[in-house]
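Have the structure open while you read.

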Amino acid sequence: MSTETEPASPASSTPGTSSGTDASAYWKSNLRLLSSLLVVWFVVSFGCGILLVEPLNAFRIGEAKLGFWFAQQGSIYVFLVLIAVYVVMMNRLDRKHGLRED
Amino acid sequence: MGTLALGAGLDVQGWTFLLVGFSFALYIGIAIWSRAGSTSEFYIAGKGVHPLANGMATGADWMSAASFIGMAGIISFAGYFGSVYLMGWTGGYVLLALLLAPYLRKFGKFTVPDFVGDRYESSLARVVAVLCAIFVSFTYVAGQMRGVGVVFSRFLEVDITLGVIIGTGIVFFYAVLGGMKGITYTQVAQYCVLIFAFTVPAVFISLMLTDNPIPQLGFIDTLGGTVGGDIARGESIGLLEKLDGLNEELGFAAYTAAPQQIIARSGPKGYTDVFAITLALMVGTAGLPHVIIRFYTVPRVRDARMSAFWALLFIALLYTAAPAVGAFGRTNLIEATRDAYYSAEAVPADSPAGEKVIPDWFRSWEDTGLLAWIDKNGDGRIQYRAGAPFTSATSKPVFASDSDGSPIRGEHGQRLLVVDGDAGGAGVVPTDNANELFIDRDIMVLANPEIARLPNWVIGLVAAGGLAAALSTAAGLLLVISTAVSHDLCKRTLAPNMTEKTELWVARGAAGIGVVGAALLGIYPPGFVAEVVALAFGLAASSFFPVIILGIFWKRMNRAGAISGMLCGIGFTAGYILKFKFMGGTREDWLLGISPEGIGTIGMLVNFAVGITVALLTAPPSQETQDLVESIRVPRGAGEAHEMQVPPAHAD
């Protein structure tokens, strides 16, 4: 994923973190993951559940209108998936950068 | 007569006493088993809580009496508009999991003001945070104690005051004795009680109306089952489609129609408002101190992430079932009461066979004041239509009773209301619309077991569930209040040399005083509490959230920025709420069409804007602080350096 080799900024090579470069690459990957997950978070709730509710209501899931379903059910399921993806990806990232706790 | 009433009462009440008593004994047992021996155990359960257990505890901590009893009812009356609560109160956990929980766990102290004070190297910032935390938590806890009293009075026919005192005694026992450790494990038990109590009736109602045992799937299914089949009258029609139709026949906006529901609630520019309310609830959820503090109790950063997943899963079990219960309850209630005769005798002899008469549960819930009927046109049938049936000082029915307190009944046996000509008077003033039926929204959860003709133990279970929801939230809030006083105010600000032993006693004392204060607010509720509870989210959104986010994600953020941001954010939000909630401001003057419930979103933006601008105009924070920020961003290393050095306890 992240193969940045740019020198770490002075502040990031602080005492206490095992490796400054690793920590800053880790942080960049983390921010990238966060932004993509938050885009999905925004789209399902404010997008599908509020702004696009009318056009989506033209479709159905079971016997319910899709936009309404997103607002009362679907968005919550997607939130759960988002946190699950975050947990898995961050654990992978921790290991990759040697920052996993014991 | 007396023995009959006693014998009939023992069934439901006996079960209720048994189940409530059993659950209370369980909480006390757990409290004795998990006594706190140190401040670390008292504040954060010694960081030894398993992520799964913490997830359950967070679920119980978060879901209050309002979630358990009130939410399905709010949704069943608000239809689509109820979505703002569903999305707002779950979407906040995404923000919490991704943006706050792992980093605050790595920071690893005891409280939210700890983080604010240390990150911004300022006692002033810490004290501002303490005041925000106490204010938000105290308004919230008063509502919980009131909820305890209401459940007691409704199910056990105990006086509200006595109910509050019993509830207070229980919370006092395990919060003061066990601190966070005791609270955590009682909350795990309370979660199990409340989710079981919510799910059992939901499954049965779902079967009755859709023949589908899973409420979340019944919600999107066709009508079927014992009751649903009758309602569909042989037609294959979706539950929600039928409900849309029923709503429209009675003059309400269709249940699932977004624009109509939004305009009814927030005016023509409603979309901005819906957007703002949802965001304010999400951000407020992520910024509430009693929720954040739960993530300090797990052993590692990755446990904090996992814990957030479990928490949302456990919350979602109730939050996805609630809209289903709301829709089922409304469909069933409309069908059962619409144009039904109050008594079989009132049905005219010449009317066709099979005229509808109200079901038995109608009368028992009339006795509790959750239903009331005022026969405006004198035809002996219940007309349920859009609009309030009457107005009164409390917006609730006022039942007539004679001098010895027994109810006065009308010609059909219905409870009569006190009617007067003056809205400020002691009675109700009938409105001139066609609606004759008053329905308290709490009925959707409380009456479900009875409406579904479930066994008596299920009704007792719902009472125990409502109490579990209220007590668990109250305990979590009390802990925030007690740590804010003993740790943030005394130990970190006023008396840094205090021994651990003294601090533990101060913490217990603060929890004790807090619980008594909350009980008093529960017994003598000031009129504004309910209003303020709903607005606590806006205050949390506009104060804590931006300061914590910037503290983690922007190293350049400094003390001046944080303090000015917090003060401007919460000042703007509180001022707006005061103007429009308490000083008679009207909807026409709302800023950008945003209601006081949604203004926290703007307050948050004000906090961000002011904070960032001021930080850029003043000196960057010290190298030490920048190192602290670096260290909280990674899970491993430097963590233990920030553990608090606990001085050895003196033998005094």
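## Fold of chain A

Along its sequence, chain A runs α-α-β-β-α. That comes to three helices and two strands. The model is a predicted one. Chain A has 102 residues, and 38% of them count as buried. Take the contacts in chain A between residues at least 6 apart in sequence: 48% of these join residues at least 24 apart.

## Domains of chain B

How is chain B divided? The domain assignment gives domain 1 as 15–334 + 456–524 and domain 2 as 346–382 + 390–430. The centres of domain 1 and domain 2 of chain B, taken over C-alpha atoms, are 34 Å apart.

The table sets out the geometry of each pair.

| Helix | Partner helix | Angle | Axis separation |
|---|---|---|---|
| α19(B), residues 456–494 | α20(B), residues 500–523 | about 135° | 8 Å |
| α6(B), residues 112–119 | α7(B), residues 123–156 | about 160° | 7 Å |

Start with α19(B) and α20(B), which pack at about 135°. The crossing of α19(B) past α20(B) is right-handed.

Which residues meet in this contact? From α19(B) come B:Ala474, B:Leu478, B:Leu479, B:Ile481, B:Ser482, B:Thr483, B:Val485, B:Ser486, B:Cys490 and B:Lys491. They face B:Glu503, B:Val506, B:Ala507, B:Ala510, B:Ala511, B:Gly514, B:Val515 and B:Ala518 of α20(B). By class, the residues of this α19(B)–α20(B) contact are twelve nonpolar, four polar and two charged. B:Lys491 in α19(B) and B:Glu503 in α20(B) are among the contact residues, and Lys and Glu both count as charged.

Now take α6(B) and α7(B). Their packing angle is about 160°. Therefore α6(B) is roughly antiparallel to α7(B), as the angle is over 145 degrees. Again the crossing is right-handed, with α6(B) passing α7(B).

On the α6(B) side, the contact uses B:Val112, B:Pro113, B:Val116 and B:Gly117. On the α7(B) side, it uses B:Ser123, B:Ala125, B:Arg126, B:Ala129, B:Val130 and B:Ala133. How many residues of this contact are nonpolar, polar and charged? The α6(B)–α7(B) contact has seven nonpolar, two polar and one charged. B:Arg126 belongs to this contact, and Arg counts as charged.

Definitions and conventions: Residues numbered from 1 in each chain as written. Chains lettered and ligands numbered in written order. Predicted model: local features only at pLDDT ≥ 70, side-chain atom pairs only at ≥ 80, totals over all residues. Helix = DSSP H or I, 4+ residues; strand = E, 2+ residues; numbered from the N terminus. Buried ≥ 20, exposed ≤ 12 C-beta atoms within 10 Å, placed from the backbone. Contact = placed C-beta atoms within 7 Å. Axes fitted to C-alpha atoms, helices over the stretch in contact; angles between N-to-C directions. Left-handed = near helix turned anticlockwise from the far one by under 90°. Parallel < 35°, antiparallel > 145°, perpendicular 65-115°, else oblique. Domains from an automatic or database assignment.
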